[in-house]
Amino acid sequence: MRRWGFSETMSLTNLVSFLDHDSQRELDDLNKRINALQERKHALTLEAFQVHTTIRTLQSRAAHITNKTAPVSRLPSDVLAIIFEESRRLLIPWSNVVKRPLSPEVQLSHVSSRWREVALSTPALWTTIRFPILHKEAATMAYLQRCNQAPLNVHIGPRVSDPDLLRFIAAQFVPRLNQIRELTFDTDERQELCALFLLFAEEPALILKRLKICCNDTRGSSGVVPRLDIFKAGAPLLSDVRLSALAVGLPQCSATTLHLEPQPGPGNPLSRLAFLDILAPLATTLTTLHLRGFISGFHQEPGSAPVELPALKELLVYGNTLNHGFNVFRNISTPAIRTLSLVNVRRQGLSSIHKFIARTSPEHFRHLHTLRYINCDIDDDLDVYLPHATSALTELAVSVKHHTHLLRLLLNSDRQAALHGVSPLWCNLRTLTLHVSKPLDREREDVDSDEEDDPPPTMGLLLEVVQERRAVGKPLDLLRIEGPHARSFYEEFTTLLVKTHEDLHTEVFSASLPSSVDVQDTEVDWAFAAHYIGNQYRLFMFKKHQQFAPHGAPAIHPRGLPVMAYPSQVP
């Protein structure tokens with residue numbers, strides 16, 4: 001493009017200066033017309049904006065009138081509020097990498113003016129706060145205002161070690177501790193967890209019922225890890241406690257449920273004495289105990305009588321708990337136990353449990369009604385002492401392909417009972433549960449029969465058990481099939497029952513990860529919501545880092561998580 005020089009510009013100016021009278025008059029007329037058109041354009045633009053605004057207003061009013069004819073609009077406000085509260089149970093995956101999802105209550109309040117009015121006037125909708133992963137400072141303050149003193153469910157963490165965040169927690173959550181019904185600490189570092197404990201250590205928690213403390217710090221610790229005490233002033237209503245395998249000092253309370261989770265990992269097992277210290281304040285009231293965490297017990301004898309748990313009804317033991325030499329029944333006494341579940345327990349640990357059961361019969365385990373083996377290493381030479389010691393058993397659960405010899409023991413007992421006219425083992429057994437953790441097609445790999453219609457070996461064995469139970473006059477009432485691959489097994493086995501004219505009630509429970517889980521407010525699985533959302537947040541952060549971090553210069557958290565900050569979402 002050609003640029004004008006100084007001399008050329010001056011020449012053009014002089015040329016304009018010496019226009020004749022007619023040209024000057026035409027130029028002035030053109031300028032007036034241009035100005036008039038520009039003024040008209042501005043007026044039309046303003047009028048178009050006003051017309052657009054009027055149209056939107058009329059459309060909104062028309063939609064408001066139309067919405068009144070919808071069935072949902074005829075619902076009373078209190079019924080609509082109940083529907084809103086139920087919708088909060090849904091746990092939606094965080095599929096968007098750009099931003100975190102809005103909470104259901106926020107989405108509901110943005111649908112229409114009436115829905116927003118109902119949502120804002122329903123305090124129960126605003127009682128779940130997840131700080132800072134879903135609700136930053138402004139959103140948290142809005143929730144605290146809208147909840148109107150209703151009991152709170154508070155999820156704190158991860159990444160709250162920043163001094164500003166800790167000051168906010170101290171200013172907003174600690175003074176409201178007597179308003180908190182459910183509390184979750186979800187951290188990635190011990191130091192972060194210690195900072196939270198210091199804030200809550202001396203305070204009372206008068207209405208707290210559920211407590212979950214999770215630490216994902218897998219780094220090995222040197223020396224003895226000091227115990228972390230919380231709620232020294234008391235938590236009288238605390239009933240459900242979920243802990244990582246950390247030395248935590250609980251207040252004297254009437255808790256009925258204790259879950260010891262696997263974190264922080266096999267390199268940091270909880271000491272046996274620290275575990276017993278956790279258990280001691282709950283000994284008289286505990287009814288459910290789940291041991292998934294790592295507990296160290298090598299070369300440590302109790303030195304005293306085991307902790308008596310007189311009210312315990314349900315005990316679940318994972319192999320993690322026993323891998324470091326911890327012996328469950330040398331350290332706890334469970335005279336009233338009704339349900340014993342063993343998951344991923346190795347042969348040596350399982351043999352020790354079996355021997356204890358057989359040795360202490362009939363004083364112990366006489367009330368045991370449910371025995372569950374999930375993916376355990378059971379010896380092939382399992383003898384009849386275990387069934388004799390657990391004669392009151394009404395439900396037995398075993399894993400397909402892992403525990404077929406246990407089914408064979410039951411089958412041989414039934415055949416001997418039919419032959420000699422005596423009672424079979426586990427004569428009160430009415431429910432048999434099969435856990436199917438592998439696809440059905442693996443069942444057919446070892447089939448040697450030339451008959452295409454022959455069932456897979458495990459199904460054939462199971463069918464024989466069903467038939468022999470009926471033959472000895474102890475028929476099963478229920479066959480339950482569960483696990484990730486339960487559906488295909490269930491369909492094929494029920495077909496087999498029809499072919500053989502066997503009448504047996506069957507149920508199927510397929511354990512798979514759903515896209516949305518209705519567990520947030522249930523008494524049994526309330527902690528799953530915190531676990532699920534915490535994991536979704538970590539996955540979200542990782543994906544966002546993978547997508548937006550500069551190539552070659554990743555900012556990675558010491559535990560493999562990206563270090564990034566995001567703006568808050570105010571509802």
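Biologist: Two strands count as paired if DSSP finds at least two bridges between them. Which residue in β3 stands opposite Ile156?

Modeller: Phe185 stands opposite Ile156. Helices (H or I, at least four residues) and strands (E, at least two) are DSSP runs, numbered from the N terminus. This is a predicted model, in which local features need pLDDT of at least 70 and side-chain atom pairs count only at pLDDT 80 or more, while totals for chains, interfaces and linings use all residues. Residues are numbered from 1 along each chain as its sequence is written, and side-chain values use heavy atoms, with hydrogens and water left out.

Biologist: How many bridges pair β2 with β3?

Modeller: Five, and the two strands run parallel. β3 covers residues 180–187. β2 also has strand β1 (residues 128–131) as a parallel partner, over four bridges. Arg130 is opposite His155 of β2 there. Between β1 and β2 the chain passes through helix α6 (residues 137–146) in a right-handed β-α-β crossover. Right-handed means that, with the strands pointing away from the viewer, the path from the first strand over the helix to the second runs clockwise.

Biologist: And which helix sits between β2 and β3?

Modeller: Helix α7 (residues 163–172), in a β-α-β unit that is right-handed too.

Biologist: Why is β2 largely enclosed by the rest of the structure?

Modeller: Five of its five residues, 152–156, are buried, so the rest of the structure largely encloses β2. Buried is under 20% relative accessible area, exposed is over 50%, and partly exposed is in between (1.4 Å probe, protein chains only).

Biologist: Which residues are on which side of β2?

Modeller: Leu152, Val154 and Ile156 are on one side, with Asn153 and His155 on the other. In a regular strand, side chains alternate between the two faces of the sheet.

Biologist: Changing topic. What is the peptide bond between Gly157 and Pro158 like?

Modeller: The bond is cis, with omega about 0°. Pro158 is in the loop between β2 and α7. Arg159 lies in that loop as well. Arg159 is not a glycine, yet its phi is positive, about 65°. Most residues other than glycine have a negative phi, and most peptide bonds are trans. Arg159 is buried at 18% relative accessible area.

Biologist: On to charges. How many salt bridges does the structure hold?

Modeller: There are 16. A salt bridge here is a side-chain nitrogen of Lys or Arg within 4 Å of a carboxyl oxygen of Asp or Glu. One of them joins Asp188 and Arg538, at 2.8 Å from N to O. Asp188 is in the loop between β3 and α8 (190–200) and Arg538 is in helix α17 (residues 526–548), so the pair ties together parts 350 residues apart in sequence.

Biologist: Are Asp188 and Arg538 buried or exposed?

Modeller: Both are buried. Asp186 is linked with Asp188 and Arg538 in a network of salt bridges.

Biologist: What does Arg372 meet in a salt bridge?

Modeller: Glu482, at 2.5 Å from N to O. Glu482 lies in strand β19 (residues 478–483) and Arg372 in strand β16 (residues 370–374), so this pair ties together parts that are 110 residues apart in sequence. Glu482 counts as buried at 13% relative accessibility, and Arg372 counts as buried at 18%.
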